[in-house]
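Dear colleague,

Please find the structure below, handed over for your reference. My findings follow it.

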Amino acid sequence: MSTQQEQKFVIFKLGEESYGIDILRVQGIERMLEITNVPKTADFVEGVCNLRGSIVPVIDLRRRFSLEQKDYSDDTRIIVVSIDEVKVGLIVDSANDVISINEEEIEPAPSVIDSIDNRFIKGVGKVDERLIILLDLQEILKKEEIVKLQEITD
Amino acid sequence: MEMDNYLPIFLEESEENLQIISDNLLKLENNRDDKQAVNEIFRAAHTLKGMAATMGFQTIADLTHGIENLLDEIRTGSRQLTEEISDFLFLAFDTLQDGLTKLSNGEEPELDLSVLEKIDGDNNKQSSSNQTETASDINQYHQTVIKNAQQDGFNTYKLDIVLDDNCLLKSARAFMIYKDLDEFGEIIKSQPSIEELEEEKFENHFTFWFLTKSEKSEILKLEETPEIKSIKITDLEKDSKPERESTGPSKSEESVQAKKDKNSKEVKKPTQVKAVSTIRVDTTRLDSLMNLVSELVITKTSLNESTENENKQLINEGLEGLHRVTTELQNVVMSLRMVPVERVFNRFPRMVRDTAKELDKKVSLTITGKETELDRTIIDEIGDPLVHLIRNAIDHGLESTEGRQAANKTIEGNILLKAYQSGNEVFIEVRDDGKGIDVEKIKTTAIKKGVITEEAAEQLDEHQILQLIFEAGFSTSEAVTDLSGRGVGLDVVKTSIESLGGGIELSTQKGQGSTFIIHLPLTLAIIQGLLIKVGKESYAIPLSSVVETAAINRKEIQKVGRQEVFMFRGNVLPIVNLSSVLDIKATKDSEQVSLVIVKKGDKQLGLLVDDLIGQQEIVIKSLGQLLSDVTGFSGATISGDGKVMLILDTNTLFN
């Protein structure tokens, strides 16, 4: 199999569902860090944390996807990603896998998945009968939404 | 093209040379006989020419060449420095600056060389009589140098040196001859070039053009050196100075002696540029160094906190060492970031000259303390406010020439630009000896423009009325001149200075002049902060905006309309409850609360907080691009326990 057609993804879980982020975007996976709340930001912005001396904003992905809230556990991880030189931490239920998905196995987002907003999904990957939702990070980190209080939730 | 790599260096060095030219042009304007200044400009122009030619910017090279030629004639006295020429030089300088600006914007440095035509035209007329046959061997520049040297009492020779055919180390021998000659004179040109000599790219014959105070006999001694076959000495004088031919083949001794050494010294090394003792440091490197320091400072704080429970002696020792290192490191890094205000101040003499001409006023600018250092981020920001204040001083501050005569003052107005450091702040004063500011007029203007109501104005003392000048929508200018009415007022000056963590004060005396005093922090990276607690959260407030703190009883807070206020030292102080602003549930509901009184300009505000933690050195870190639009915070810092603490921007609370 040619490597060109393969992409590596970091796999994490929110509830029962598996999600994937392009590994090239991932800078590290951290255990839960202490987070300082920043007032006047969207409610999915959990706050900022200290990542070895630099300040990194943290987004709660459950809240970003309007999923049911769940307490943080030992498995909770912060995946630090960087897009266009913006570094952000994403809080997820657990993260423990890196898998390769053949490009042929990636399909456009089906309308079947209604648990999260379709605009966050770049596609769905099939790996050994598992379905992995591949996320569009650009969409998740829309700046205007992060600062303004979200009106959708009202 | 590989040249692109050198472009930033070229630009930066050209900037330095332009600055030298600009400085000395101004000097020349004050004193037309300033030989030193002419030489400085000549050298700078020469360097610039060389660099531009190397980089392939022909128009810049041509223009500088023109300037060089003109100056040379002034230097040799064949032309007088008239006002016309002085204006030419300024014009040529502006054209050059234009070209460099174009270059730095990535455009082609095409220049309008019409200015050059004028210079060149005159130049050719002047120098045609001095053209000689030697021109084929040596270029005009060297000819000029030779001419100057002769006037300053040097003997000028062309030395044709032939080495023995069996000379072994030719280049070493040539170098030794070069060194020997250098001891009693100056070799201005060599053929083949020194480089070629070094690389042994010559047969056994080479030629030096040589300036010396010594006689031929001195040079002929070299013939005794082994491996030299012959030295042929030609006197250059006859060729290049035809008018002196009549006096004989050798230079008259009297004129040699009559000249002062002082003059000759300047000519001795005509191609050498004055060394500028600066270091260029990549700012990204500085920033990473700064980050290291901030981490060290954080570690220091955390160690500090762990003293309470662990092996005290050990921690103390480590702490002491760490403390010393961080302090030193901090100082070193700071000093790297510091640049003298000279960088900004240097552009003002020219600006004052132009502004004064424009307004038809006579102005003398005195600058003191330009070696005072400030953080380079502040330096970059402070230029525009200063430009505004100085223009203001010339335009509004100083009287017209007639006005000054009538007031029994010197016709020339005086502007003083002064910088000095005091404690952790740098002060910059802009003082004029003009008519001063009429307090009453400010009051009426302010009322007229609706900046303040008449009743409110009555309550203010003189000092407070003066401060109105910094309010938005205020301008003291009666008529809109070319200079005012640029849409920038003193309020903008004040805001930009405050955004740097500084402040501005004004004092004035009628008929005596006004003084604006700016104070700025030395650096923006590490500040003193007051740590406070609201609910469970801790925040830092920059100490520079804190007036004082007080413990008050909650019951004493009163309401005026919907605004909570507190009577503090006889003044009504508006109160802001931080827990409601920050949307934090207060944990305590005790009677006693703490008040942090903060200021923005003259306004004061009391911040209601749950607890005061104390004062600490804090390292300012940015909240990052994603949160850059969040209001109310100027950044974040990391506390001793590794937690992120937000830094309140108290200025946003005033509204």
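A residue is called buried when its relative accessible area is under 20%, exposed when it is over 50%, and partly exposed in between, using a 1.4 Å probe and protein chains only. By that rule, 51% of the 154 residues in chain A are buried.

This is a predicted model, in which local features need pLDDT of at least 70 and side-chain atom pairs count only at pLDDT 80 or more, while totals for chains, interfaces and linings use all residues. Residues are numbered from 1 along each chain as its sequence is written, chains are lettered from A and ligands numbered from 1 in the order in which they are written, and side-chain values use heavy atoms, with hydrogens and water left out.

Chain A contains 3 helices and 12 strands; these are DSSP runs numbered from the N terminus, helices being H or I of at least four residues and strands E of at least two. Where contact means heavy atoms within 4.5 Å, 57% of the contacts in chain A between residues at least 6 apart in sequence join residues at least 24 apart. The chain exposes about 8200 Å², of which carbon and sulfur atoms supply 44%; accessible areas come from the Shrake-Rupley method with a 1.4 Å probe, and for residues only the protein chains shown count as cover.

Turning to the interface, 24 residues of chain A meet 22 residues of chain B. Together the two chains bury about 2000 Å², with 68% of it on carbon and sulfur atoms; buried area is the accessible area (1.4 Å probe) that two parts lose on being put together, summed over both. Of the area that chain B buries against chain A, L626(B), L627(B) and V644(B) supply 33%, more than any other three residues. On the side of chain B that touches chain A, β13 (537–542), β21 (633–638) and β22 (644–648) each supply at least two residues. Strand β21(B) gives the most, with 3 residues. The count of salt bridges between the chains is 0, a salt bridge being a side-chain nitrogen of Lys or Arg within 4 Å of a carboxyl oxygen of Asp or Glu.

Finally, I527(B) lies in strand β12 (residues 526–534) of chain B. I527(B) is buried because its relative accessible area is 19%. Leaving aside residues up to four places away in sequence, I527(B) touches P542(B), Q616(B), E617(B), I618(B) and I620(B). S544(B) is 17 residues from I527(B) in sequence and 8.5 Å from I527(B) in space, C-alpha to C-alpha.
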